[in-house]
Amino acid sequence: MDFSLMLTSFAAVFNPFNMLYVLLGAFGGILIGCIPGLTSTMGIALLVPFTYGLDLLPSVGMLLGIFCGAMYGGSISAILIHTPGTPAAAATILDGYPMAKRGEAGRALSVALFASFVGGMIGALCMTFLSPFISKMALKFGPAEFFSLAVFGLSVIVSISGKSLLKGLITALFGLLISTVGMDKTCAYLRFFKMQGLYDGIPFIPALIGLFAISEVLAGIESNLGTQKMETKISGVLPSKADIKAILPTIVKGGFLGSFIGAIPGAGGDIAAFVSYSEAKRSSKHPEKFGTGIPEGIAASESANNGCSGGAMIPMLSLGVPGDSNTAILVGAFIMKGFQPGPMMYVEHLDIVYQVFASLMVANLAFLVVGMCGVRIFSKIISIERKILLPAILVLSLVGSYAINQNMFDVFFAIIMGVIGYLFQKYGFPLSPILLALILGPMSESNMRRFMQIDDGKFYLIFTKPICCLFLLLAVVSMVISVIQQNKINKKLSAEDSAK
């Protein structure tokens, strides 16, 4: 680590001209992230052409600002309107929305902002100091390791199933079943419904919007909330000292988990958020409170998905392999400027590498500043009368569904998934396991198929791979502990109910 070069890079990034572009990127990223259907990938892709006339540093700073800002922005809609603005914010719903319903939307937003910032900075520091080591680890991941990672991710379903493990498994199986719709990724065989809109599988963003946003609108209409509104109090733009003390260990743990998972090409913030949430619940002294609206739940998911921003940059810079869809577009932006990400960047353009390190840290600082300015404004959304808010959410959801592919099929699919989500919620079935299954189902299936083809169908060979054994063991341990923990929680809640 060349600290003099690092200081020079920070000085270059803190140039007022460069800072302006980072702040603009952070503002645009938060705006994009909080609108369901508009992902950070879409925002980066749309703005890459506008950076063509800029130097590398301001253009990369603005794109990283969008990347980091959108990661936090997804939590705003997750907390306020029960709809994750980005897939990575899906786990934030579990505790964020219940806090908002209690009138603590401002507190939830400030916890999400603080956790996002600290998690993002941990990811940036991991990228700065641990890039070579983590890149070597990421290179060891093949189809068998990705399959094992997906199985470990699916074990989290137990932790997010709520009071009834059976209902959680039913919804997870439903998610796994519909994740098989579409063209087989290995042999291009068209399975189940032969509809053009489903050739590439279930449209993920419209499914997410339907399950959480449209179902919430239908539930609101049914419960006659049309003339009601929720109030919220804002005591500060950052969490209180008591909240920081309570959530800081969770944030640190989530930041490192997110950095590691983000560095694995193909894994992303959505997986990291659910894994971090499960781990926070497992290690908590009061696991029964998770899902009822506590700051630790928000902190776990937001620190992990923002930690992924730095983690995903590690294989991109070190190996030239994008860690996720966002960094895939950033690779194109670098090439457009005449730089090829990869091992030679550290030899031929070390100064550029350090400037990227500095830019990511400043991008996290930028969205913290913008977020602090906006917390009070964002929280006012929940005070709007429901008879106005619910139709607005519905329109926004339908527009967001259409915006992905400019396709009316996605709009109709979102409505169908909204009705399904409404019925599941009505009868006490959790929705998060469906979402997790939709994320991990295709990943587990395609990588298992590839592994079986490479090793001539000898599945037992997976147990000869140390990383696979580690993830599969973690999956078993996670499920056993979560089942025992959930049984204890159910017994405790039953005892409390009978005492009343």
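So, which residue does the side chain of Lys253 meet in a salt bridge? The partner is Glu279, at 3.4 Å from N to O. By salt bridge I mean a side-chain nitrogen of Lys or Arg within 4 Å of a carboxyl oxygen of Asp or Glu. That pair links distant parts of the chain, with Lys253 in helix 10 and Glu279 in helix 11 (residues 269-283), 26 residues apart. Helices here are DSSP runs of H or I with at least four residues, strands are E runs of at least two, and both are numbered from the N terminus. Lys253 comes out partly exposed at 34% relative accessibility. The cut-offs are under 20% relative accessible area for buried, over 50% for exposed, and partly exposed in between, with a 1.4 Å probe and protein chains only.

Quick housekeeping. This is a predicted model, so local features need pLDDT of at least 70 and side-chain atom pairs count only at pLDDT 80 or more, while totals for chains, interfaces and linings use all residues. Residues are numbered from 1 along each chain as its sequence is written, and side-chain values use heavy atoms, leaving out hydrogens and water.

Back to the charges. Searching the whole structure gives six salt bridges. Some of them share partners, and that joins Arg102, Glu104, Arg107 and Asp243 into one network. Within it, Glu104 pairs with Arg107, the closest N and O atoms being 3.3 Å apart. Glu104 is partly exposed at 24% relative accessibility, and Arg107 is partly exposed too, at 30%. Arg107 also meets Asp243, at 2.8 Å from N to O. Asp243 sits in helix 10 (residues 241-262) and Arg107 in helix 6 (residues 105-139), so this bridge ties together parts that are 136 residues apart in sequence. And Asp243 is buried, with a relative accessible area of 8%.

Now zoom out. How many helices and strands does the protein chain have? There are 19 helices and two strands. The radius of gyration is 22 Å, close to the 23 Å from the globule rule for 500 residues, so the chain is as compact as a globular protein of that length. That radius is over C-alpha atoms, and the rule is 2.2 Å times the number of residues to the power 0.38. The C-alpha trace spans about 65 × 60 × 45 Å along its principal axes. Buried residues make up 58% of the 500. Take the contacts (heavy atoms within 4.5 Å) with a separation of 6 or more: 80% of them come from residues 24 or more positions apart.

Next, helix 17 (residues 408-426). Its 19 residues should span 27 Å at 1.5 Å a residue, and the end C-alpha atoms are 27 Å apart, which agrees. The expected span is 1.5 Å times one less than the number of residues. Asn407 caps the N-terminal end, with a side-chain oxygen 2.9 Å from the backbone nitrogen of Phe409. The buried residues of helix 17 include Asp410, Phe413, Met417 and Tyr422. Just after the helix, Gly428 takes a positive phi of about 80°.

Asp456 lies in the loop between helix 18 (432-454) and helix 19 (466-499), and at 64% relative accessible area Asp456 is exposed.

Technical notes. Polar contact = N/O pair within 3.5 Å; in protein donor to acceptor, adjacent residues only side chain to side chain.
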